Amino acid sequence: MDLNAVRMFVAAVQAGSLSAAADRLDMALPTLSRRIRELEAGLNVRLFERSARGVRLTDAGTRLYE
């Protein structure tokens, strides 16, 4: 598990959105999104439900965050 990707995931949860997390981490949104998708692939779970209105945690995402 990539701990930097986990840190990015936590930042996204705390910021409430991927774009806000990217701003807080001073990184490009596509990079942050890709790293979280890679984390999801490595864990073989979806951590966020993505929609046009943003993201929200899945049950697996909630468990990881806790």
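R7 is found in helix α1, where helices are DSSP runs of H or I with at least four residues, strands are E runs of at least two, and both are numbered from the N terminus. With a relative accessible area of 45%, R7 is partly exposed; on this scale buried means under 20%, exposed means over 50%, and partly exposed is what falls in between (1.4 Å probe, protein chains only).

A quick word on the model: it is predicted, so local features need pLDDT of at least 70, side-chain atom pairs count only at pLDDT 80 or more, and totals for chains, interfaces and linings use all residues. Residues are numbered from 1 along each chain as its sequence is written, and side-chain values use heavy atoms, leaving out hydrogens and water.

| Helix pair | Angle | Axis separation |
|---|---|---|
| α1 (residues 3–15) and α2 (residues 18–25) | about 120° | 8 Å |
| α2 and α3 | about 110° | 9 Å |

The axes are lines fitted to C-alpha atoms, for helices over the stretch in contact, and the angles run from 0 to 180 degrees between N-to-C directions.

Take α1 and α2, with their angle of about 120°. That makes α1 oblique to α2: under 35 degrees counts as roughly parallel, over 145 as roughly antiparallel, 65 to 115 as roughly perpendicular, and the rest as oblique. R7, M8, A11, A12, Q14 and A15 of α1 meet L18, A20, A21, R24 and L25 of α2, a contact being heavy atoms within 4.5 Å. Sorted by class, this contact of α1 with α2 has eight nonpolar, one polar and two charged residues. For the classes, Ala, Val, Leu, Ile, Met, Phe, Trp, Tyr, Cys and Pro are nonpolar, Asp, Glu, Lys and Arg are charged, and the others, Gly among them, are polar.

On the other pairing, α2 and α3 are roughly perpendicular to each other. L18, S19, A21, A22 and L25 of α2 touch L29, L32, S33 and I36 of α3. The class count for α2 with α3 is seven nonpolar, two polar and no charged residues.

α1 passes α2 in a right-handed crossing, and α2 passes α3 in a right-handed crossing. Right-handed means that the near helix is turned clockwise from the far one by less than a right angle, and left-handed means anticlockwise.

L18, A21 and A22 are the buried residues of α2. Looking down the axis of α2, they fall within an arc of 100°, so they line one face of the helix; the arc is taken over directions from the helix axis to the C-beta atoms. These buried residues pack against α1, α3 (29–43), β1 (48–51) and β2 (54–57). Turned away from that buried side, the other face of α2 carries the exposed residues D23 and R24.

**Two positive phi values**

Most residues other than glycine have a negative phi. Just after α2, D26 takes a positive phi of about 55°. D26 lies in the loop between α2 and α3 and counts as exposed at 71% relative accessibility. N44 also has a positive phi, near 60°. That residue, N44, is found in the loop between α3 and β1, and at 69% relative accessibility N44 counts as exposed.
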